[in-house]
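Let's take a walk through a protein together.

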Amino acid sequence: MARIKKKSLPSSSIVTQANGLVSARYALPLAEQRLILAMIAKIQPDDEDFKPYRISVGELAEFIGVAKGSAYLECKKTTENLLKRVLKIDEPDGLLQINWVSSAKYIDGSGMVNLSFDPLLRPYLLKLKGNFTSCKLEMLLSFKSQYTLRMYNLLKQYERLNEREIELELLRDILGLRKDLHAEYSDFKRNILKPVQNELAEKADLTFEFNEIKYGRSVGAINFRIFSKEPLASLSDNEKINPPPLFPFIDAEISPSVDKLLLFVPEPHRAKKTVQAALEAFERKQGFDYVKRNILYSNARADKSYAGFLNNALKADWGHDWNLEQQEILSPPIKKKTIEVWERDGFSSQSEYEKFMWKKQMMENGYENLIPAGY
């Protein structure tokens, strides 16, 4: 198939997406990603609702680099395939599975196609007031790899924080990698990470270095250090404390039960939106005690990546068996005292005495980190 040089786009064409959409999980070939980006770039900041976004077949041919002689056939293939693609968005109340577009209408004799976004994508593309990422369309369309395109958005989202840590399993899901594709980390690093790093260094306004974080003997997460090639506005204290959330609507007030669960989380991790979002989602789905035992398990076992370890623990309920073991180890029978004895020792009630003895036993056994703050 003959190829042509892509048309240079105006630098004013901007692609703006809610962060929940940036972190969504989907697999799109490069041509289809470029078409979606061209559609998003047509959305205006004051648009109240989606419109049919009109793209000429010739324009699309230039975007995806195909000769105009075969453009109509290639465009029909691209839009037909796009109608079947599913993306997955994690929302606080559950998983949303959705198609990118709901229709593609070719206008006879016009050389135009009208594309319509699925209406449920409105919160992720319209009237965005915060928690969004903006990128230049011209730069996005310059990338030759679908993975470079996705990784650029993920890093751009955290550019002003200079760092982003992502679980390896989650990163593979976001990039749309099949389980059997680059299954070994060494293959993933050689065929995905390194080529993306090289292409960003050559073409993008940011680049990155990365550290591998191991869960046991395997690489479980990757810490990206993000370097901007252009000066950025200084980061506010609020943005330093509250990085872009994985769940787009988690800015809502934290529920009382999650507020209590946060007391069990080590102080340095309580302000992390990924931690708060995980507690919110799993407390609603599995209940308070389920989440509590997995927090305590993570407190005892997590090494470098606390947030990533906690998320894995919550998914697999790693804390279940461990919690049963701890109950046997840390809860020996406490002898009941008569009222006279515990009153003499300065306790106002039997329960206050038992609480004191439990805390003492925890400290004597080296489990201070499992005692809730203020207990």
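We'll begin with the whole chain and then stop at a few spots along the way.

One thing to keep in mind: what you're looking at is a predicted model. The chain has 375 residues, and 47% of them count as buried. Its secondary structure comes to 17 helices and ten strands. How do contacts run along the sequence? If you take the contacts between residues at least 6 apart in sequence, 64% of them join residues at least 24 apart.

Now for the rings. How many aromatic pairs does a search of the whole structure find? The search turns up eleven. One of them is the pair of Tyr26 and Trp100, with 5.1 Å from centre to centre and 90° between the planes. Planes over 60 degrees apart count as edge-to-face, and that is the label this pair gets. The two partners come from distant parts of the chain, 74 residues apart. Tyr26 sits in the loop between helix H1 (19–22) and helix H2 (30–41), while Trp100 sits in the loop between strand E4 (94–99) and strand E5 (101–107). Are these two buried or exposed? Buried means under 20% relative accessible area. Tyr26 has 9% relative accessibility, so it counts as buried. Trp100 has a relative accessible area of 1%, so Trp100 is buried as well.

Compare that with Phe143 and Tyr152. Their ring centres are 5.5 Å apart and their planes are at 55°, so this pair is tilted. Both Phe143 and Tyr152 are buried. Elsewhere, Phe50, Tyr53 and Phe117 form one aromatic cluster.

Go back to Tyr26: the charged end of Arg150 sits over its ring, 3.8 Å from the ring centre. You'll find another case at Phe282, where the charged end of Lys285 sits over the ring, 4.9 Å from its centre.

Arg150 also leads us to a pair of helices. Helix H2 and helix H7 (residues 146–157) have axes that come within 9 Å and cross at roughly 40°. Because of that angle, H2 is oblique to H7. Which residues make the contact? From H2 they are Leu30, Gln33 and Leu37, and from H7 they are Gln146, Leu149 and Arg150. Sorted by class, this contact has three nonpolar, two polar and one charged residues.

Phe282 takes us to another helix pair. Helix H12 (residues 273–286) and helix H13 (residues 288–301) pack at an angle of about 135°, with their axes 7 Å apart. H12 and H13 are therefore oblique to each other. On the H12 side, the contact is made by Leu279, Phe282, Glu283 and Gln286. On the H13 side, Phe288, Tyr290, Val291 and Ile295 take part. By class, the contact of H12 with H13 has six nonpolar, one polar and one charged residues.

Next, find Gln17, which has its place in strand E1 (residues 14–18). Gln17 has 4% relative accessibility, so it counts as buried. What does Gln17 touch, if you don't count residues up to four places away in sequence? Its contacts are Val22, Leu37, Ile40, Tyr124, Leu125, Leu128, Phe132, Thr133 and Asn153.

For contrast, look at Leu73 in helix H4 (residues 71–82). Leu73 has 52% relative accessibility, so it counts as exposed. Leu73 and Val57 are 16 residues apart in sequence, and their C-alpha atoms are 9.6 Å apart in space.

Our last stops are about backbone angles. His182 is not a glycine, yet it has a positive phi of about 50°. You'll find His182 in the loop between helix H8 (168–175) and helix H9 (185–203). Asp317, also a residue other than glycine, has a positive phi near 55°. Asp317 lies in the loop between helix H14 (306–316) and helix H15 (319–330). Is Asp317 buried or exposed? Its relative accessibility is 18%, so Asp317 counts as buried.

Technical notes. Residues numbered from 1 in each chain as written. Predicted model: local features only at pLDDT ≥ 70, side-chain atom pairs only at ≥ 80, totals over all residues. Heavy atoms only, no water. Phe/Tyr/Trp six-rings, centres within 6.5 Å; stacked < 30°, edge-to-face > 60°. Helix = DSSP H or I, 4+ residues; strand = E, 2+ residues; numbered from the N terminus. Buried < 20%, exposed > 50% of the residue type's maximum accessible area, 1.4 Å probe, protein only. Lys NZ or Arg CZ within 6 Å of the ring centre and 35° of its normal. Axes fitted to C-alpha atoms, helices over the stretch in contact; angles between N-to-C directions. Parallel < 35°, antiparallel > 145°, perpendicular 65-115°, else oblique. Contact = heavy atoms within 4.5 Å. Nonpolar A, V, L, I, M, F, W, Y, C, P; charged D, E, K, R; others polar.
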